Amino acid sequence: MRPLLLAVFLSAVQFGFLSASLQARPLTGEQLYDVACRACHSLGTAPDHRVGPPLGGLLSRQAGTVDGYQFSEALSASGWIWRLPTLLAWLTDPDAAIPNNAMNYVNPLTAEEVQQLSEWLLQQP
Amino acid sequence: MLTRRRLLEGSIAGLLASASGGCNGMGSGRRVVVVGAGLSGLNAALILERWGFEVDVVEAKTRVGGRLWTLDHLPGSPEGGGNVMGAQYGRVVHMAHHLDIALRTPPRTLPSDYCIGDQRISRDRWASAGANPLPEAWRTIPPQRLMGKLNETNPLLKTRAWHDPNLMASDRSAEVGLKALGFPNAAIELINANNSYGNNLSDTSLMALYRIMGEFGRLSGPALAVQEATLGNMRLPEAMAKQLSRPVSLGEPVVAIRHSPSRVQVALASGKTLEADAAILALPLPALEHIEVNLSATQTSLLGQIDYHKIVQLHCIVDAPFWEGAGWSGSWWTDGLLGRIFTRPIPNTSRYNMTVWINGDHCDPLNALDEAACTETITHALWQLVPEARDVTSVGQLVRWSTDPYAGGVWALWRPGQAGTAHGAIRAPTGRLFFAGEHTAEAYRGMEGAMESGERAALEIMRVLV
């Protein structure tokens with residue numbers, strides 16, 4: 001290949017096709033759970049050493065009712081049932097959803113990410 | 001040397017990696033440089049590696065851990081840096097469990113007596129002591145609990161929204177704010193004598209104090225005991241670093257970071273240059289000031305404007321409890337040069353760790369001295385306060401965070417007017433540069449804030465690096 005053509009080809013490969021572009025790509029529910037939830041919440045249904053309650057079997061569960069986990073009075077008394085609308089409201093702004101809760105968390109996710117994460121969480125056994 | 005053949009090989013390898021979807025479906029072939037091997041940088045690096053990114057962590061110091069620094073060479077291995085893992089520090093505690101780092105309830109620090117001027121006051125006489133400068137209604141409050149009065153009016157006890165525009169009336173000088181709230185001058189002076197959350201109250205935002213005291217108010221309680229790593233808090237970042245595929249490059253100060261719309265170049269003092277798709281600047285702002293880098297105009301104007309807390313510590317070892325029999329409790333709160341003296345037993349021995357802990361602008365004259373003169377000044381004052389300590393106490397280690405060029409202080413402080421917007425602006429991604437560190441955390445401060453910020457920085461990179 002002549003030098004000029006080679007340079008053009010390499011330039012196209014390196015910067016046209018391969019260069020990592022900065023454009024939003026939707027993250028999966030699993031990825032969002034891994035980054036935003038995992039350190040404080042396991043999946044499954046049994047509490048472990050983590051600060052927050054386990055998030056498995058969430059769909060239709062009443063808030064504040066995992067055996068062996070001590071919830072805030074506010075969450076236990078909320079009467080909330082975890083379904084998509086309640087989980088969306090909770091993850092978007094826990095303070096506004098159930099004031100005086102014990103989850104010291106400020107949502108870093110976009111509305112789309114909260115939706116993606118909520119749908120994924122509600123499917124976990 | 002980059003030859004055409006290597007460039008072509010690299011390009012083809014990259015194409016193949018992209019085509020295969022890479023490890024875990026994303027990130028493969030994408031390189032990230034993390035500047036700073038404290039908890040925030042290490043946590044971000046671990047997350048990004050899990051999702052297939054190639055991560056290089058570079059650290060200016062010859063150790064990992066940043067502002068965690070266990071003084072392993074001293075009996076009892078006292079903490080020269082971050083010392084408390086709050087009960088709600090979920091990320092820190094989980095990481096410790098995950099990496100088999102044993103945690104324990106810290107040995108109980110001995111109760112504190114007081115020294116006002118040259119008057120020593122036992123703790124049971126504080127309320128009635130003539131040297132207690134507080135007015136009648138406040139006299140029963142010990143000096144170290146005066147700031148807690150702030151929670152009687154704290155709007156952040158029920159919310160974490162410390163940037164809420166509706167609350168910004170409190171983003172003003174804490175000294176002015178405390179006066180307006182009815183704190184007597186004597187109380188303000190006592191708070192200023194040993195304030196862990198501002199170098200001085202006049203230059204600290206009341207909202208920042210609301211944030212801190214609100215966190216204590218929400219998260220404290222008998223069931224929520226603090227913890228520490230049994231063998232020293234440094235074991236946590238050390239174990240995190242060992243989990244990384246590539247070893248952390250230690251003793252590698254960064255001198256310049258260049259970034260274009262397509263690449264980042266991180267130039268090290270050693271002459272090496274690292275190329276990457278993105279960089280996380282996980283280092284304290286005073287350290288960032290030493291690096292040549294183009295930030296946003298707002299960030300550039302903020303650098304140097306955001307204050308960092310000053311702490312000077314002198315770590316001592318006590319061979320025998322000199323306070324027993326003399327009517328003292330073992331720790332002291334003073335309004336003089338010594339600040340506070342925290343004494344706690346070294347488990348399974350008859351010895352004690354005793355730390356002289358000086359805060360804020362009171363550190364300035366000490367930081368102006370060389371190490372020997374600083375140590376001598378503090379020990380001279382210590383022997384004056386507790387002459388009985390002299391024969392049974394040895395000096396172990398002077399710790400000065402403000403004079404450390406890779407720290408510049410212990411944590412970020414928010415000046416009046418900065419709680420509203422500066423915190424968000426300083427961490428906003430700039431092109432391919434992302435920011436982590438306790439100063440960028442939202443919900444927590446300290447170690448947990450560092451971990452939280454690492455998550456957020458990793459998330460920001462995962463969102464955009466396709």
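This is a predicted model: local features need pLDDT of at least 70, side-chain atom pairs count only at pLDDT 80 or more; totals for chains, interfaces and linings use all residues.
- Most residues other than glycine have a negative phi.
- Asn348(B) is located in the loop between S14 and S15 of chain B.
- Asn348(B) counts as exposed because it has 6 C-beta neighbours inside 10 Å.

**Domains of chain B**
- Chain B is divided into domain 1 (28-66 + 232-303 + 413-464), domain 2 (108-134 + 311-400) and domain 3 (141-219).
- The centres of domain 2 and domain 3 of chain B, taken over C-alpha atoms, are separated by 26 Å.
- Contacts between these two domains of chain B involve 12 residues of domain 2 and 15 residues of domain 3.
- The side of domain 2 of chain B that touches domain 3 of chain B comprises 5 nonpolar, 4 polar and 3 charged residues.

**Helix H11 of chain B**
- Helix H11 (residues 371-385) of chain B has 15 residues, which at 1.5 Å a residue should span 21 Å; the end C-alpha atoms are 21 Å apart, in agreement.
- Cys374(B), Ile378(B) and Leu382(B) are the buried residues named in H11(B).
- These residues cover an arc of only 65 degrees around the axis and therefore lie on the same side of H11(B).
- The other side of H11(B) carries the exposed residues Ala372(B), Ala373(B) and His380(B).
- Packing of the buried residues of H11(B) is against strand S12 (311-318), strand S15 (352-359), helix H10 (364-367) and strand S16 (393-400) of chain B.

**Strand S13 of chain B and its partners**
- In a regular strand the side chains alternate between the two faces of the sheet.
- In strand S13 (residues 331-334) of chain B, Ser331(B) and Trp333(B) point one way, Trp332(B) and Thr334(B) point the other way, and all are buried.
- Strand S4 (residues 112-116) of chain B runs parallel to S13(B) and is joined to it by 4 bridges; Thr334(B) in S13(B) has Cys115(B) opposite.
- Strand S14 (residues 340-345) of chain B is antiparallel to S13(B), with 2 bridges between them; Ile341(B) in S14(B) is the bridge partner of Trp332(B).
- A hairpin is formed by S13(B) and S14(B), with 5 residues between them, and Gly339(B) in its turn has a positive phi of about 60 degrees.

**A four-stranded sheet in chain B**
- The strand order S9-S8-S7-S11 (chain B) describes an open sheet of 4 strands with mixed pairing.
- Strand S9 (273-276) and strand S11 (292-293) of chain B are at the edges, and each has a single partner strand, so one side of each lacks a neighbour in the sheet.
- Strand S8 (residues 264-268) of chain B pairs with S9(B) in the antiparallel sense over 4 bridges, and Gln265(B) stands opposite Glu275(B) in S9(B).

**Leu46 of chain B**
- Leu46(B) belongs to helix H2 (residues 39-50) of chain B and counts as partly exposed because it has 19 C-beta neighbours inside 10 Å.
- Beyond its neighbours within four places in sequence, Leu46(B) is in contact with Met240(B), Gln243(B) and Leu244(B).

Technical notes: Residues are numbered from 1 along each chain as its sequence is written. Chains are lettered from A and ligands numbered from 1 in the order in which they are written. Domain bounds come from an automatic or database domain assignment. Two residues are in contact if their C-beta atoms, placed from the backbone, lie within 7 Å. Ala, Val, Leu, Ile, Met, Phe, Trp, Tyr, Cys and Pro count as nonpolar, Asp, Glu, Lys and Arg as charged, and the others, Gly among them, as polar. The expected span of a helix is 1.5 Å times one less than its number of residues. A residue is buried if 20 or more other C-beta atoms lie within 10 Å of its own, exposed if 12 or fewer, and partly exposed in between; C-beta atoms are placed from the backbone. The arc is that of the directions from the helix axis to the C-beta atoms. Two strands pair if DSSP finds at least two bridges between them.
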